[in-house]
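Please look over the chain shown below before reading on, and keep the view open as you work through the briefing. The notes move from the chain as a whole to a few of its parts.

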Amino acid sequence: MNRISRRKLITTGLAATAGAAGLAVADRLAERYGLIPPDSGGFFGPGETLTYAAQRLLMRHSLAREFSRSMISNPPFANEVRPLGDDFKRHQAASFRDWRLTVDGLVERPTSFSLSDLKSLPISRQITEIACEEGWSYIAEWIGTPLREVLRETGLKPQVRYLVYFSIERYWWDSIDMADALHPQTFLTLGMNNGDLPVGFGGPLRLRLPRQLGYKSIKYITHITATDSVKRFGKGRGSAGAESPEGEYSWYAGI
């Protein structure tokens, strides 16, 4: 082996060792501060932990960029969804008047909200970008009630660490920590661009998380459960996406 190739080999080995050691240190620090994500196991676990812990320690209260009205995409992009089931079609035929959002789990007052109930709570607007991991994005005005207003109505118990939320299509679910749940830009979205939220964009009700990639903003929300652990939901990895056979979707998808 010549001197150059040996030097490269030694340098590469030292870098790999340092990188592994750094991830191990980061993992210990994350555990100390309770910043281990639900999908921390497996080969990519240390990287997921490092990403999540760094975001929470450095940018817990950061805001997603908001845009001027002139930058709203025209038309916005609606990604294709699989055909919705009979339950959804019945609600749609009835103009969603019987649509309910149930909030339960570790709350003082488990509650079932109608869309009218949600519209009676403080309503806010934001013009933010939704970005997909597949590479497309668009900017829209989102209209709804901040999730923290709904949680104030139900009363969270002190031990709550996560919210698990479900679409009317029960295979479609996800979860977030309380930093995102209580963030002022996290919306239960009822409208878009001065109108009701179209079905193609998640209407009548969609969770909107502008600080994370689009797949965390689950469409057709019907149920939220407050919990101290996600281990008893699905396979315990925090979301349907993180449990997909391909394992391609991280639980934390911060932008």
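What does the accessible surface of the chain come to, and what share of it belongs to carbon and sulfur atoms? The accessible surface comes to about 13,400 Å², and 54% of it belongs to carbon and sulfur atoms. The model is a predicted one, and the values that follow are computed from it.

**The chain as a whole**

- The secondary structure of the chain comes to 6 helices and 10 strands.
- The chain has 255 residues, of which 47% count as buried.
- If we take the contacts between residues at least 6 apart in sequence, 67% of them join residues that are at least 24 apart.

**The open sheet**

- Five strands make up an open sheet, and they follow the order β2-β1-β10-β5-β6, with mixed pairing.
- The edge strands are β2, which covers residues 111–114, and β6, which covers residues 173–177, and each of these pairs on one side only.
- From one strand to the next, the twist averages 20°.
- As background, strands of a sheet pair through backbone hydrogen bonds, and they may do this in a parallel or an antiparallel way.
- Helix α5, made of residues 147–154, lies across β1, β2, β5, β6 and β10, and it runs at about 135° to β2.

**Strands β5 and β6**

- Strand β5, residues 162–167, runs antiparallel to β6, and 5 bridges join the two.
- These two strands form a hairpin, with 5 residues between them.
- Within this pairing, V164 stands opposite S175 of β6, while Y165 has D174 of β6 as its bridge partner.
- Strand β6 is mostly covered, since 5 of its 5 residues are buried.
- The cover lies on both faces of β6, with W173, S175 and D177 buried on one side and D174 and I176 buried on the other.
- In general, the side chains of a regular strand alternate between the two faces of the sheet.

**Helix α2**

- Helix α2 runs over residues 45–59 and so has 15 residues, and the distance from its first C-alpha to its last is 21 Å, close to the 21 Å expected at 1.5 Å a residue.
- The buried residues in α2 are G45, E48, T49, Y52, A53, Q55 and R56.

- K216 has its place in the loop between β9, residues 206–208, and β10.
- Is K216 buried or exposed? K216 counts as buried because its relative accessible area is 0%, which is under the cut-off of 20%.
- Leaving out residues up to four places away in sequence, K216 touches Y165, D174, S175, I176, L209, W251 and A253.
- E129 is placed in strand β3, which covers residues 124–131, and it counts as partly exposed, because its relative accessibility is 33%.
- With residues up to four places away in sequence again left out, E129 touches F67, S137, Y138, I139 and R208.
- E129 and G214 are 85 residues apart along the chain, and their C-alpha atoms are separated by 9.2 Å.

Methods: Residues numbered from 1 in each chain as written. Predicted model: local features only at pLDDT ≥ 70, side-chain atom pairs only at ≥ 80, totals over all residues. Heavy atoms only, no water. Pairing = 2+ DSSP bridges. Helix = DSSP H or I, 4+ residues; strand = E, 2+ residues; numbered from the N terminus. Axes fitted to C-alpha atoms, helices over the stretch in contact; angles between N-to-C directions. Contact = heavy atoms within 4.5 Å. Expected span 1.5 Å × (residues − 1). Buried < 20%, exposed > 50% of the residue type's maximum accessible area, 1.4 Å probe, protein only. Areas by Shrake-Rupley, 256 points an atom, 1.4 Å probe, with all protein chains shown as cover.
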